[in-house]
Amino acid sequence: MPQIDRSHLVRTARITGSLYLGLAVAGLLGFLITRPRLFDTGDPAATLSNLVDQPGLAAALVVFELLIVLTQALAAAWFYRLFRPGDPVSALGIGAFGLVNAVVILISAALLSAADNIAADPFGAAADTVQLLFVTSGELWAAGAIFFGLWLIPMGTAVLRTGWMPRPLGWVLIVGGLGYLLHAFVGFQPLTVPATVGEFWMIGYLLFRGVARTAGSGDLHRDDVQLAARGDGDIGTAAGAERDQVG
């Protein structure tokens with residue numbers, strides 16, 4: 001019966017971990033550090049003034065958002081590639097939900113870019129328009145939390161079903177995903193703490209360990225097992241026919 005090459009899994013895991021780390025760094029620099037320096041939640045005029053006075057920082061925010069989109073999409077694809085041999089259903093869920101989240105952030109990046117353009121060449125009620133674009137961008141992030149939570153849940157189930165990472169990590173990711181889903185509806189920030197723990201645990205494990213030492217020792221997803229079983233049946237049928245001819 002064919003087996004999964006562990007060395008290939010480790011290489012794929014480390015590329016996936018690098019992309020996931022890039023996603024975390026881009027999110028930290030863009031959403032958590034740069035955005036608050038430009039967006040004043042209660043003063044549209046101040047937001048416009050920040051964009052006008054700090055054009056480099058405003059452009060950097062758009063770049064960071066595009067980097068989030070790029071790393072999110074690539075991480076989703078590489079997570080799919082990593083887990084597909086061991087758990088194709090969970091792998092598909094990670095890939096699909098991750099790509100949807102990337103599309104949501106792409107729209108946010110377009111809105112922020114529009115805000116920069118209006119600040120550079122104001123027209124009409126520029127301050128109110130810029131503020132509306134930033135508020136809409138923030139709401140997209142809030143709504144996108146649903147898909148970010150959803151991609152963590154199949155990530156956790158993939159860990160549990162393949163056994164390629166510690167089982168507690170799988171449960172932390174599932175709990176974190178559920179917490180993100182609840183946070184999207186109730187806005188209670190502590191609900192996202194398990195997700196943060198699970199994400200950085202996953203990043204560290206992918207980068208420094210890759211997969212468990214036992215990964216690749218006979219790991220096959222169900223379709224491969226069924227194909228192998230049918231192959232064994234064909235061999236048995238052929239052997240039986242041979243015996244009949246000899247008899």
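Modeller: Let us begin with T16, which is buried, with a relative accessible area of 0%; buried means under 20% relative accessible area, with a 1.4 Å probe and protein chains only. This is a predicted model, in which local features need pLDDT of at least 70, side-chain atom pairs count only at pLDDT 80 or more, and totals for chains, interfaces and linings use all residues. Residues are numbered from 1 along each chain as its sequence is written, and side-chain values use heavy atoms, with hydrogens and water left out.

Colleague: Which helix is T16 found in, and what does T16 touch?

Modeller: T16 lies in helix α1, residues 6-38, where helices are DSSP runs of H or I with at least four residues, numbered from the N terminus. Leaving aside residues up to four places away in sequence, T16 touches A75, W78, F79, L82 and L206, a contact being heavy atoms within 4.5 Å.

Colleague: Switching to α6, which residues are buried there, and what covers them?

Modeller: The buried residues of α6 include L169, L173, Y180 and H183, and the cover over the buried residues of α6 includes α5 (126-162) and α7 (193-208).

Colleague: And where does α5 bend?

Modeller: α5 bends by about 30 degrees at G144, the bend being the angle between axes fitted to the seven residues ending there and the seven starting there. After α5 comes G163, with a positive phi near 75 degrees.

Note on methods:
Buried < 20%, exposed > 50% of the residue type's maximum accessible area, 1.4 Å probe, protein only. Helix = DSSP H or I, 4+ residues; strand = E, 2+ residues; numbered from the N terminus.
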